[in-house]
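Here are some brief notes for your review. They start with the core and then move to the overall shape and surface.

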Amino acid sequence: MKEKLNQIEQDFSNALASSKNIGDLNALKSDFVGKKGALATILKGLKEASIEERKEIGAAANRLKEQFTVQIEQQARQIELAEMNSRLEREKIDLSLRDSVQEKGLRNGSYHPVSIVQREIEDIFTSMGFEVLDGPHIEDEFHNFEALNIPDTHPARDMQDTFWFKDMAHLLRTHTSAIQVRGMNTHTPPFKFVAPGKVFRCEATDASHEMVFHQLEGMMIDKDISVANLIYFMKTLLSQIFGKEVEVRLRPGFFPFVEPGFELDINCLICGGKGCSVCKQQGWVELLPCGMVHPNVLTAGGIDPSEFNGFAFGLGLDRLVMMRYGIDDIRHLHSGDLRFIKQFATY
Ligand code: PHE
């Protein structure tokens with residue numbers, strides 16, 4: 001009997017050592033300590049044994065039963081822990097973009113330079129209390145021309161070569177000024193907003209002209225607004241964007257929707273004013289057409305021009321981006337060339 005117990009103990013420790021999962025352990029438990037297990041069989045066999053043997057073997061078998069149970073539980077805890085750890089390892093979520101880029105060699109993306117500058121300008125203007133508005137790319141004639149004091153027969157329509165739809169009533173907007181009209185119709189003065197977006201013109205392309213480009217419109221309507229207010233906001237914008245005072249000049253400019261109208265030029269930052277392809281050898285870049293909103297435009301927008309007035313501007317966003325980053329050809333912006341776009345990647 002004693003030898004049998006020794007054998008059982010030996011078998012148990014071998015079986016325990018090769019148990020790899022909870023299923024193995026359950027089988028082990030029923031084989032050794034279960035009702036029909038090895039130890040139970042021994043205890044049953046004691047019926048025919050002598051009193052001494054019963055005492056001795058019975059006590060030893062019960063001790064083994066306790067010992068086996070404890071060992072099985074310990075092993076089960078270890079297996080569970082190992083399983084949990086390997087699951088944590090397998091299902092780990094890497095939340096750090098930085099690590100993915102550096103350690104796994106993933107490519108880091110970037111905002112397009114136009115988006116970068118657009119967002120910066122939005123921040124500058126929202127910090128001064130301006131709203132940011134959006135408008136549709138496909139406009140109707142009323143919002144793009146008519147309401148902006150450019151009637152059907154006005155020669156100013158020729159200034160902006162337009163992509164018309166077949167119905168000749170809709171078009172790809174030629175400027176973000178169309179959003180001035182939408183803004184006036186949905187706001188009650190006083191108000192001020194900026195409106196960035198893509199605009200479209202059927203133009204021959206060169207280093208400074210594209211068929212699709214970006215503008216950022218601005219409009220402020222209140223009582224007693226003057227050209228001084230307009231100049232203040234434009235200078236604030238430019239000095240913040242370039243991080244320094246930029247030389248500007250104001251020339252009279254004609255736009256039917258402003259009176260008086262101006263062209264605000266900045267000293268070319270590509271060539272420092274010496275003359276290059278971006279500034280067309282002029283040393284100055286036309287950047288910010290602007291002016292005081294024409295009374296007819298206020299009226300078309302549902303605003304009483306005898307009570308309110310204001311200014312509007314139409315910033316050439318792509319040109320500003322080019323000045324800021326020293327890009328000498330506007331066609332790079334839409335080229336889709338990764339070598340160009342990768343230069344703006346940051347994290
Ligand atoms: N919409 C004009 C253009 O695209 C620019 C502009 C906007 C001029 C606002 C004056 C005021 O040429």
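Which residues touch the most other members of the largest nonpolar core?

1. The model is predicted. Its largest nonpolar core holds 45 residues. I121, F125, F313, L315 and L320 touch the most other members.

2. α10 gives the most, with seven residues.

3. Take L315 as a case. Leaving aside its neighbours within four places in sequence, L315 contacts I121, H214, Q215, L216, L237, L287, L288 and L320.

4. Another core lies apart from the largest one. This other core has 23 residues, including I221, V258, V293 and L298.

5. Now the whole chain. The secondary structure comprises 13 helices and nine strands. The radius of gyration is 40 Å, well over the 20 Å that the globule rule gives for 347 residues, so the chain is more spread out than a compact globule. Along its principal axes, the C-alpha trace spans about 125 × 45 × 45 Å.

6. Burial and contacts come next. Of the 347 residues, 43% are buried. Among contacts between residues at least 6 apart in sequence, 67% join residues at least 24 apart.

7. Last, surface and charge. The accessible surface comes to about 19300 Å², and 51% of that belongs to carbon and sulfur atoms. The chain carries 39 positive and 49 negative charges, whose mean positions are 11 Å apart.

Methods:
Residues are numbered from 1 along each chain as its sequence is written. This is a predicted model: local features need pLDDT of at least 70, side-chain atom pairs count only at pLDDT 80 or more; totals for chains, interfaces and linings use all residues. Side-chain values use heavy atoms; hydrogens and water are left out. Helices (H or I, at least four residues) and strands (E, at least two) are DSSP runs, numbered from the N terminus. The radius of gyration is taken over C-alpha atoms; the globule rule is 2.2 Å times the number of residues to the power 0.38. Buried means under 20% relative accessible area, exposed over 50%, partly exposed in between (1.4 Å probe, protein chains only). Contact means heavy atoms within 4.5 Å. Accessible areas come from the Shrake-Rupley method with a 1.4 Å probe; for residues, only the protein chains shown count as cover. Lys and Arg count as positive and Asp and Glu as negative; His and the chain ends are not counted. The place of a charge is taken as NZ of Lys, CZ of Arg, CG of Asp or CD of Glu. A nonpolar core is a set of buried Ala, Val, Leu, Ile, Met, Phe, Trp, Tyr and Cys residues joined through side-chain atoms within 4.5 Å.
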